[in-house]
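Subject: Structure for you to look at

Dear colleague,

I am passing on a structure that I would like you to open beside this email. Please look through it once by yourself, and then read on for what was found in it.

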Amino acid sequence: MWFKNLYFFAFTRPFKWSEQELEQHLSEHPYTPCASTEQSHFGWVNALGKHGNTLVHTANGNFLMCARKEEKILPAPVVKDMLEERCAKLEEEQGRSATKKEKEQFKEDITFELLPRAFSRFSDTHGYVSPQHNIIVINSSSRGKAEDFLALLRKVLGTLPVTSFSPDQAPDEVMTDWITEQSLGDNFQLGTEAEFNALGDDGAVVRVKNQDLTSPEIKTHIDAEKYAVKVALEWDDAMSCILCDDLAVKRLKFFDVLHEQNDDIDKDDIIARLDADFALMSGELNRFISDLLAEFSLKTTDYLDDEDK
C-alpha cells in the first residue's frame, strides 16, 4: 500500500466523477487473463487487492485504483533461432534469401505459435486521484508505466485532462540553487546523495553518496558548471526520497514515526489497516507534493482553466 516511487500530474479541468461513477466506468474494463494467443492484457483490479471487493477505494476524498498488466514472455533467443531456421529453409528450397516482409511474417507466425506455451509476467500499478488537490499520483518508477495508467483511465472515462508540472525555471537549476544557496524551505532538508551532470550530450556525470552536499568538493563540481539532476531530500521528519529533474520522486521511504500512527489498529482487520494506511499515506503525500511544488513556485491548481480556479 505504501507508495515507493511517484509520478504526479495536474488536472487542467476539475475531476468531477464521484466514487460511484468512477467504479462504474472502471468496471467496464476489468482485468481478465490473456487468451492463449494474446500477448498482453491491461485492466482494472480491486484497489485493495485480494482483500478488497471494489475497483475504487476512497479515503478522505482520495480515490485509489489499481491497474494490472499481464505480458506473455517469449525468450528472444528462441524466437531468433526459429526465425533463422525458417529463413534457412526458404533459402534451401527456393535458392534465395527471405525478403523483409517474409521475415516479418515468419516472426509473426512464430509468436502466434509460441504464445500458448509462454509464461506470463504480471505487474500492478496503483494510483490515486485527489480532486481536492487537483492531482493524480501514480506509484511507478517508470514514466512509461505511469503514462500507461493514465491512458487506461482516459480510455474508460473518455477524457482525462492532465498535464505534467513544468516550472518556469529549469528544475536542475533550482535544485542546484538549493545546494549553493541553501534555499530549501523549512520542511525540507538535503540528504547525502546526488547526481550532477555537465551540459551537453557528452557532458561529465558525477554521482555522490554519503556526502555532505554543501561541502567544498560538491562546490567544485558546481563551479565547473555541473547541475544537480538528482538530489536526496528529507521532508517534515516523515519521509525521504530522491528527487529527479523531471520532478519524479524515486526511492520514497516513509519513516517509522509515520507507520507507527496506525499501530493501534487490529492487525487481523486487514481492510481497516489498509484503509488507514492509505488515508495516512495519501494525506502526507498531498502535503508533500504541495510543499515540493512551492519550492518551484508552483501550485497544484496552476494548470486549471481560469474559470475553474
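The largest nonpolar core has 51 residues, and of these Phe8, Phe288 and Leu292 touch the most other members. A nonpolar core here is a set of buried Ala, Val, Leu, Ile, Met, Phe, Trp, Tyr and Cys residues joined through side-chain atoms within 4.5 Å, and buried means under 20% relative accessible area, with exposed over 50% and partly exposed in between (1.4 Å probe, protein chains only). Helix α8 (residues 270-295) gives the largest share of this core, 10 residues. Because domain 1 (6-71 + 120-164) and domain 3 (171-296) both contribute residues to this core, it lies between them. Leu292 touches Phe8, Trp178, Phe188, Leu233, Leu243 and Val249, not counting residues up to four places away in sequence, where contact means heavy atoms within 4.5 Å. Another core, of 28 residues, lies apart from the largest one, and among its members are Phe15, Leu26, Trp44 and Val56.

Before going further, please keep in mind that this is a predicted model, in which local features need pLDDT of at least 70 and side-chain atom pairs count only at pLDDT 80 or more, while totals for chains, interfaces and linings use all residues. Residues are numbered from 1 along each chain as its sequence is written, and side-chain values use heavy atoms, with hydrogens and water left out.

As for the overall picture, the protein has eight helices and 12 strands, which are DSSP runs numbered from the N terminus (helices are H or I, at least four residues; strands are E, at least two). Of its 309 residues, 43% count as buried. The domain assignment, which is automatic or from a database, also gives a domain 2 (76-116), and the centres of domain 2 and domain 3, taken over C-alpha atoms, are separated by 49 Å.

Two helices deserve a look together. Helix α1 (residues 19-27) and helix α4 (residues 143-157) pack with their axes 8 Å apart and at an angle of about 100 degrees; axes are lines fitted to C-alpha atoms, for helices over the stretch in contact, and angles run from 0 to 180 degrees between N-to-C directions. That angle makes α1 roughly perpendicular to α4, a label that covers 65 to 115 degrees, whereas under 35 counts as roughly parallel, over 145 as roughly antiparallel and the rest as oblique. Leu22, His25 and Leu26 of α1 meet Leu153, Val156 and Leu157 of α4 in this contact.

Which side chain makes a polar contact with the side chain of Asn62? The partner is Ser130, at 3.0 Å, a polar contact being a pair of N or O atoms within 3.5 Å (within protein, one must be able to donate a hydrogen and the other to accept it, and residues adjacent in sequence count only if both atoms are side-chain atoms). Asn62 lies in strand β4 (residues 62-73) and, at 4% relative accessibility, counts as buried.

Asp277, found in helix α8, counts as buried at 8% relative accessibility, and a polar contact of 2.9 Å joins its side chain to that of Asn262. Arg13, by contrast, is partly exposed, with a relative accessible area of 39%, and lies in the loop between β1 (7-11) and α1.

With best wishes
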